[in-house]
Each structure stands twice: as C-alpha cells, then as structure tokens.
Amino acid sequence: MIGIPWRVLVTGGAGFIGGHVVRRLLCEKRDVTRVVILDLLSYAGSMGNISDCLSDARCEFVKGDIADQALVTRLLRTYQINAVIHLAAETHVDRSIYGPMAFAQTNTMGTVMLLEAVRQHWEGLSAPEQTSFRFLHVSTDEVYGSIEQGKFLDTDPYRPNSPYSASKAAADHFVRAWHQTYGLPTLTSHCSNNFGPYQHPEKLIPRAIRAVLTGGTIPLYGGGAQVRDWLYVSDHADFLWFYLNHGDVGTVVNIGGECEWQNRALLQKVVTIVASRLGLSQDDALKCIVESADRPGHDRRYAIDNQKVRAMGWHRWTNFERALTETIDWYLTHKDWLTRRQSYELATDGH
Ligand code: NAD
C-alpha cells in the first residue's frame, strides 16, 4: 500500500539533485499534491536551482535546517506529509578532508535529528497512514569504499575512506536502525556520481566547463586513473520516484549509470566538447587540466551493479553521450548561473 496522493518533504531540495527531484515530482499532476522543500541554503544550495518549480502552486520553499526538530515537526503536521525524500547533506569530499566536523554534524547528526522528528510524527498517525508513509534516504556508493574488479552490491560491507563517506555511512546505519527498532518505513538508495544541469561548479564537470570559459585550471588528481560510474541526474530523479512508489519497505538499492569513465578521459572529453562549441583550439583548451598530487584516502574505482533495480522494473532512459552534450550546452547557455555561484578553489573528483 502506498501513499498516493503524495505530499512530499524534500530535504536539500535547493541543491543539485534535490532540484531535479522536485521537478520530477511536480510532473506527477495527479499523484503529487504537495512538495515542500526544506533547505538551509548553504553555499551549495540556490533558489536559482528551483525558481521554475516555485511557480507551481503545489510547491513551497522553507529555509531551515534538518536538525531543527520543531520546524520539521511543524512542516510534517501543517502539510500532512506522507513521504520524506532526504537529500540534504554536505557533499564535497575535498571539503570533508579539510573540515570533517560539518559533515559529521549535518550528514550524521542532522539525519538522526530528522529521523527522530519524523518518527515522532509517524507514531501519531493512524495505522493505514503509518503503513503508507515513506522515508527515502539518498546515500552514496562511496560508503562501500573502492572496488578493483566487479561491481558494488547492496549487500557489500561498508568501507568508507573519506570523512564524507563515513558520515553518510553512519547516517545509513541510523536509517536502518530506525526501521529495525521503531518500524519507520524506510527506503535507502546508494547512487553513483551524478551529472547534469545545476550542479555546483566545485564539482568535476561544471568546474571543467568553467575552467575553459574563464581561462582557469582544473586539477587532475594522481594521474587521473580513478574510475567513476556516471549517472544522469534526471535518470536518478526518475529512479527515486519509481523507488518511492515500488520499493519494499526496509530495502536498500544501488543505482548507477552503467557508464564508467577514467577521470582523465572524462575531463579531456568535456574540455574538448566545450572548446569545439566555443570555437577554441582543443590543444590550448586541454592545458586547463593540471596534474596534481593525489588526495588522501582517494578511492580508485566505484562501479554499481544495477541488476536489482532492473529486476524491480526500472530502466535508465538516457544515453550518456547525448546527456553529456546537453549538459555542456546547458552550462554554456547559463554562463551567468555558472560564474555567479561562489568560486571554490578546492580540487574536485566528481563529488
Ligand atoms: P548539493 O551539495 O548540491 O546539495 C545539498 C543541499 O543540501 C544544498 O541545497 C544545501 O543547502 C542543503 N543543506 C546542507 N545542509 C543542510 C541542512 N543542515 N539542512 C537543510 N539543508 C541543508 O548535493 P547533491 O549533489 O544534490 O547531493 C544530494 C544528496 O545525494 C546528498 O545526500 C549526497 O550525499 C547524495 N549523493 C550525491 C551524489 C552526486 O554525484 N551529486 C552522488 C551520491 C550521493
């Protein structure tokens, strides 16, 4: 039994993936009657990511912290929320190396505070409402650490290597515990690297585009041999909608793009496409990629096994090459968005 029509609280909805999730939910004219975005608008969030969504009368934006239990409780009650999609987080791995406490605070403790506010609300619902309620927690493939061969399964042991992945792994355990101990109807997904419009330019693909546009540089860590599995953000948002409706309570799934790229090859591809779009010399443009020392705890390869989501009946829609080109074209036609966002000089690796 599911909760249609959904009244969804989306945490981190003004972030990159969150904005796409909100957009995907609002496509469902009958089955989604309310989308409430709760976002602290940290440096990573932006109203510009969701301005098109806010003209929809079903969509509300609330600035606030997931750890503010009084606020969360008020939103759950006021809007009679029957699903939470939890994306709010500190997400940049490099930042987690230089400032781990914010990651423990938001990703782990913030999730616990949110879970507890949701649990107390959920316990006050009628039995049918409790049954149809969902708490969908969006996690990362990075909790599994690095894999040399084969692909991550959702049954693999956790081996987080960065403060970011450790903070997400800890949150995953709390979500599991709130299901096992209190019966909260949870769903947990681990996704691979996302790409698409509205991603903060501290992350690999938009940062590379901006480097070509502005004559800047982008560091390539440790020879660029690391492999990442790229998932188009609209496919991810589509999957989350599918999982909300069809996922069995208490389950965990992995969702990837089935599209592995070495960082060096991907950066070169992005820079080359941007250069050709701008009519620049490709050789000159490629000089923006600067070899850099490897970062500590750097995972060598992530790869997701999608068999479980395929068996559930979900299929990826997007062709990688086309999605990448469309993404690059989006940034080139939204130069203001790209350059207005605060600039961060930390090196990047997709996350
Ligand atoms: P993002 O950094 O673009 O957005 C995060 C959002 O969370 C921002 O809008 C920020 O303002 C908000 N936020 C931060 N702290 C908050 C708090 N205390 N209360 C309320 N809002 C807060 O991140 P993203 O790339 O959209 O990632 C979303 C989720 O997906 C995260 O949980 C992340 O761990 C997970 N994920 C992302 C990727 C990826 O490739 N982007 C891959 C795997 C998993």
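A: Let us begin with a pocket: the second largest pocket is lined by 15 residues, of which Tyr158, Asp172, Arg176, Gly250 and Val252 lie nearest its centre. The model is a predicted one, in which local features need pLDDT of at least 70 and side-chain atom pairs count only at pLDDT 80 or more, while totals for chains, interfaces and linings use all residues. Residues are numbered from 1 along each chain as its sequence is written, and side-chain values use heavy atoms, with hydrogens and water left out.

Q: How is a pocket defined, and which elements give two or more residues to the lining of the second largest pocket?
A: Rolling a probe the size of a water molecule over the atoms shows where empty space is left. On a 1 Å grid over the protein atoms alone, a pocket is an open set of points where a 1.4 Å probe fits, with protein on both sides within 12 Å along at least five of seven lines, and lining residues have an atom within 4 Å of a point. Here the elements that give two or more residues are α6 and β6 (186–191), with α6 giving the most, 6 residues; helices (H or I, at least four residues) and strands (E, at least two) are DSSP runs, numbered from the N terminus.

Q: Is helix α1 mostly covered or mostly open?
A: A residue is buried under 20% relative accessible area, exposed over 50% and partly exposed in between (1.4 Å probe, protein chains only). By that rule α1 is mostly covered, with 10 of its 11 residues buried, including Phe16, His20 and Arg24. Among the elements that cover these buried residues are β1 (6–11), β2 and α8 (233–246).

Q: How many aromatic pairs are there, and why is the pair of tyrosine 198 and tryptophan 337 edge-to-face?
A: A pair of aromatic rings is described by the distance of the centres and the angle of the planes. Rings of Phe, Tyr and Trp (its six-membered ring) pair if their centres lie within 6.5 Å, and planes under 30 degrees apart count as stacked, over 60 as edge-to-face and the rest as tilted. The whole structure holds 18 aromatic pairs; in one of them, tyrosine 144 and phenylalanine 152 are tilted, at 5.1 Å centre to centre and 35° between the planes. The ring centres of tyrosine 198 and tryptophan 337 are 5.9 Å apart with planes at 85°, so this pair is edge-to-face. Tyrosine 198 lies in the loop between β7 (193–195) and α7 (204–214) and tryptophan 337 in helix α13 (residues 335–340), so the pair ties together parts that are 139 residues apart in sequence. Both tyrosine 198 and tryptophan 337 are buried.

Notes
Contact means heavy atoms within 4.5 Å.
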